[in-house]
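Thanks for coming. I will keep this short and go through one model, starting with a sheet and then turning to the core and the confidence scores.

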Amino acid sequence: MVSGWILRGFAAVAVLAATVVPGTRAEATTPSPTPVVTPVGEGCPARDTRVDAPYAITGYWLVPRSDPCVTRRTVEAIHGVGGDTLITFGPRLVPSRVDRAGRLLKEGAPDPDFTGCVENGKTCYRAAREAVPRIRRVYGYAANELFGDGLLRCPGLDRRIESGERVYYRLLLGRSCSRGPYDLVLIATDGDGLGNLMTEAAGYGMKVFPGLPAAPQDVKRPWLPDLTHLGAVTAFTERVVTDYRGRYGPSAAFAGVYQSFELAVKSRPSVDPTIDLYQAQHTVVAATLPGKKILVSPYFDARRDKGFPPERVGPGLLAIAATAHGAPMIVAVQDGRGTGKVPVYGRDEVDAKVDRRLVPMVGDVTNRKAYYGSTYDYLQAAARSRPPGVELWMNAEAFEPAPVAGECGRADPLPLRGRTTKKRLDAQVMAAGEAVTKVISYGWDPFLTCRLNWMTPSLSDDLHASWNAPLIVGATRNAAGIAITGRNLAGGTIKVQYARAGAGMKTVTVAQGPDEAGAGWIPFPTPTDVDPRRPFLYITAVNGTGRSSTNAYVIPS
């Protein structure tokens with residue numbers, strides 16, 4: 001997903017015409033009974049802090065908005081489906097050239113983000129040139145936040161500039177305030193989106209992980225950082241997180257920071273620019289924000305022609321963890337289903353054909369031929385090798401690799417992505433099972449909010465409609481019965497099916513206790529008539545509300 005993940009505001013919610021409570025474990029899965037509201041403030045409608053549809057995914061990526069009322073309603077919507085965690089991408093620090101008029105350039109033309117940056121009648125670049133004898137490199141940084149005094153360290157060199165209707169910042173990064181050479185960073189802002197997000201998250205009792213500044217990309221290999229800029233990236237990161245410490249340090253909503261540059265969770269090469277970037281930025285975070293968490297979201301890739309087998313996950317996880325420098329770390333691995341890099345299938349489907357939505361990615365072949373394994377296999381490998389002090393989460397990709405006719409999705413930026421279903425999300429959560437302590441998702445907009453037209457529900461609407469359907473995330477058996485863990489199990493029945501040799505499917509239905517919402521046990525002696533060609537048990541649940549699980553949980557018989 002890399003930089004293609006980054007949305008461009010509300011334009012990303014374009015419709016395609018063709019377009020707990022932490023963890024998946026047993027937790028409180030009932031809605032808040034009464035609204036808890038705050039008075040109307042800042043001209044926005046009052047907060048409603050009810051959680052009326054607590055689903056198993058409890059965190060989402062989103063784009064900060066400069067409008068405080070839009071921010072409030074977005075955070076309220078995420079909170080209403082059980083979200084307690086918000087994550088933002090860090091803008092990219094972009095190396096820039098300057099024309100003869102002193103304007104930053106983008107693709108050969110004046111960069112529209114910086115054309116309004118004027119100080120005392122001069123462009124911000126020319127004003128900076130008058131402040132120091134030489135500028136080595138120039139960078140642009142388009143941010144959706146307002147900074148404070150922690151960013152502006154050198155009097156006479158660093159400036160906050162109000163020009164037109166925008167706020168700009170000028171930083172001159174040198175060996176010290178009085179010693180160069182200096183790198184110039186010009187920051188353009190479009191409002192205090194991150195500040196709004198922090199305020200609303202605190203009001204709803206949620207946590208925020210703002211994105212660290214993203215490093216410049218290698219021109220020839222854009223999936224790697226360009227380490228010729230590492231000094232500027234590190235110095236700028238230190239300024240940003242120091243400012244966060246001053247502005248957000250007292251806030252209960254400030255949980256830590258998100259590392260925006262991605263890498264694969266696999267054994268790493270001896271020369272590794274991405275790990276070097278992690279080492280540099282995470283050293284700064286550990287020193288400047290003691291106790292705050294570093295969230296990284298690396299990816300799996302199970303494709304046989306491009307990816308890696310589960311055996312390589314352990315060394316990759318250890319390499320990432322080694323960059324924490326004493327800071328607590330969360331590794332929220334992208335499950336890969338949305339991009340088509342990793343399939344979600346049961347242990348009985350290894351030799352079944354790949355899901356039809358994955359055919360454009362890997363061909364019309366079996367799962368075994370296309371992939372090294374499933375989401376379950378990769379997360380189990382990660383759980384086995386998780387080092388001490390590292391939390392393991394899953395980042396469920398809430399989209400399809402490409403859109404199909406009659407569905408909405410993402411139209412900008414490329415690649416196009418399609419809308420998925422709650423049934424598919426349920427399958428991803430089930431695959432994570434108890435290997436992870438929390439499931440988060442990329443991303444809220446547009447994937448949970450888009451609609452083909454005003455008459456069709458969004459994925460968020462679907463979560464509201466069936467949030468309380470049973471969801472089995474674990475099942476183990478012994479000779480006497482089966483222990484089950486999950487959500488919304490209470491008050492109904494558990495159904496176990498298996499194939500009998502030469503006699504079709506057999507179904508056994510057992511009542512589930514009224515209080516067994518998150519865990520239960522049913523008597524089920526080991527069957528002696530299982531078809532050896534299909535040696536699996538298929539477990540589904542119907543709870544006291546009459547809702548049924550959308551997918552069977554499959555275990556060996």
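This is a predicted model: local features need pLDDT of at least 70, side-chain atom pairs count only at pLDDT 80 or more; totals for chains, interfaces and linings use all residues.

Over how many bridges do strand β22 and β23 pair, and in which sense? The answer is eight bridges, in the antiparallel sense, with β22 covering residues 493-500.

β22 and β23 belong to an open sheet of four strands, ordered β23-β22-β25-β26, and the pairing is antiparallel. At the edges are β23, residues 504-511, and β26, residues 553-556; each has a single partner strand, so one side of each has no neighbour in the sheet. From one strand to the next, the twist averages 25°.

Next, the core. The largest nonpolar core has 126 residues, and the members that touch the most others are Ile187, Phe236 and Ile539. Helix α4, residues 230-248, supplies the largest share of this core, with seven residues. As for Phe236, if neighbours within four places in sequence are left aside, its contacts are Leu93, Tyr141, Leu151, Leu171, Leu173, Val185, Ile187 and Pro213. There is also a second, separate core of 18 residues, with Leu104, Ala128, Leu184 and Leu186 among them.

Last, confidence. The average pLDDT over the chain is 91, and 92% of the residues score at least 70. Residues 2-28 are another matter: pLDDT stays under 50 there.

Conventions: Residues are numbered from 1 along each chain as its sequence is written. Side-chain values use heavy atoms; hydrogens and water are left out. A nonpolar core is a set of buried Ala, Val, Leu, Ile, Met, Phe, Trp, Tyr and Cys residues joined through side-chain atoms within 4.5 Å. Buried means under 20% relative accessible area, exposed over 50%, partly exposed in between (1.4 Å probe, protein chains only). Helices (H or I, at least four residues) and strands (E, at least two) are DSSP runs, numbered from the N terminus. Contact means heavy atoms within 4.5 Å. pLDDT is the predictor's confidence in each residue, from 0 to 100. Two strands pair if DSSP finds at least two bridges between them. Axes are lines fitted to C-alpha atoms, for helices over the stretch in contact, and angles run from 0 to 180 degrees between N-to-C directions.
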